[in-house]
Amino acid sequence: MDGQFVCSGDAAVHPLEVVAAEISLRVRARAWHGAGFRHLREAAMTIYFYGADEVPHGCFSNFSDHGLDLDGRWWPTSEHYFQAQKFIGTRHADLIRRARTPLRAAELGRDPSKPMRRDWERAKDDVMRRAVAAKFLTHADIRGILLSTGDEEIVEDTTADHYWGRGRTGSGKNMLGRILMRTRGRLRAEFDEASEARSDSGRPGR
């Protein structure tokens with residue numbers, strides 16, 4: 001996907017216009033409620049997520065039941081894709097892709113007896129970005145949820161992972177949260193461009 005977001009053809013099937021209306025309402029609400037609304041937002045600046053069954057933000061988890069088409073194959077979850085890329089081009093990668101659950105895919109991906117690709121530490125962030133982007137481009141419902149978070153910080157609330165989440169001390173890198181926020185920004189920019197194009201096409205010629 002090389003980082004580009006393509007939303008063409010989605011207009012008839014995804015709720016981005018509804019999301020735009022919601023964002024517009026949020027902006028108007030800030031104006032209507034003034035300082036009181038600002039104080040309310042300050043108390044809710046961070047969205048924490050972890051379990052895939054959490055409503056509404058469980059869809060941010062790599063274990064959420066949202067498949068994606070990437071690299072010419074269908075992956076049951078973004079966790080399946082991420083773990084398989086550690087062993088790209090091997091039979092073990094395909095075994096991970098066919099795992100019955102994301103938990104099983106994670107277990108297979110962390111098998112210490114299987115040698116990972118040598119460049120994994122350099123490649124893993126880009127692999128995660130591609131998986132997350134494909135997931136939210138594929139599913140309109142969760143795309144709407146992600147966009148509806150506005151500019152709020154998104155944090156994977158796990159004490160067990162200092163790299164992808166907040167970690168035990170709360171000072172972790174939160175790379176998954178950062179990738180989600182970056183994806184949100186790119187989706188929003190893509191939507192704004194599409195809205196401008198529709199607006200320009202509807203203007204009468206000179």
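These exercises concern helix packing, a histidine and the nonpolar core of a predicted model. Residues are numbered from 1 along each chain as its sequence is written. Local features need pLDDT of at least 70 and side-chain atom pairs pLDDT 80 or more, while totals for chains, interfaces and linings use all residues, and side-chain values use heavy atoms, without hydrogens and water.

**Exercise 1.** Determine how helix H6 and helix H7 cross, and which residues meet.

Solution. Step 1: H6 spans residues 140-147 and H7 residues 175-201; helices are DSSP runs (H or I, at least four residues), strands likewise (E, at least two), numbered from the N terminus. Step 2: their axes come within 9 Å and cross at roughly 100°; axes are lines fitted to C-alpha atoms over the stretch in contact, with angles from 0 to 180 degrees between N-to-C directions. Step 3: H6 is therefore roughly perpendicular to H7 (65 to 115 degrees). Step 4: Arg143, Leu146 and Leu147 in H6 meet Leu180, Thr183, Arg184, Leu187 and Arg188 in H7 (contact: heavy atoms within 4.5 Å).

**Exercise 2.** Decide whether histidine 66 is buried or exposed.

Solution. Step 1: locate histidine 66 in the loop between strand S1 (46-49) and strand S2 (68-70). Step 2: its relative accessibility is 15%, so histidine 66 counts as buried (under 20% relative accessible area; exposed is over 50%, partly exposed in between; 1.4 Å probe, protein chains only). Step 3: list partners beyond four places in sequence; among them are Cys59, His139 and Asp141.

**Exercise 3.** Find which residues have the most contacts inside the largest nonpolar core.

Solution. Step 1: this core has 34 residues (buried Ala, Val, Leu, Ile, Met, Phe, Trp, Tyr and Cys joined through side-chain atoms within 4.5 Å). Step 2: Phe60, Phe136 and Leu180 have the most contacts inside it.

Terms used. Parallel < 35°, antiparallel > 145°, perpendicular 65-115°, else oblique.
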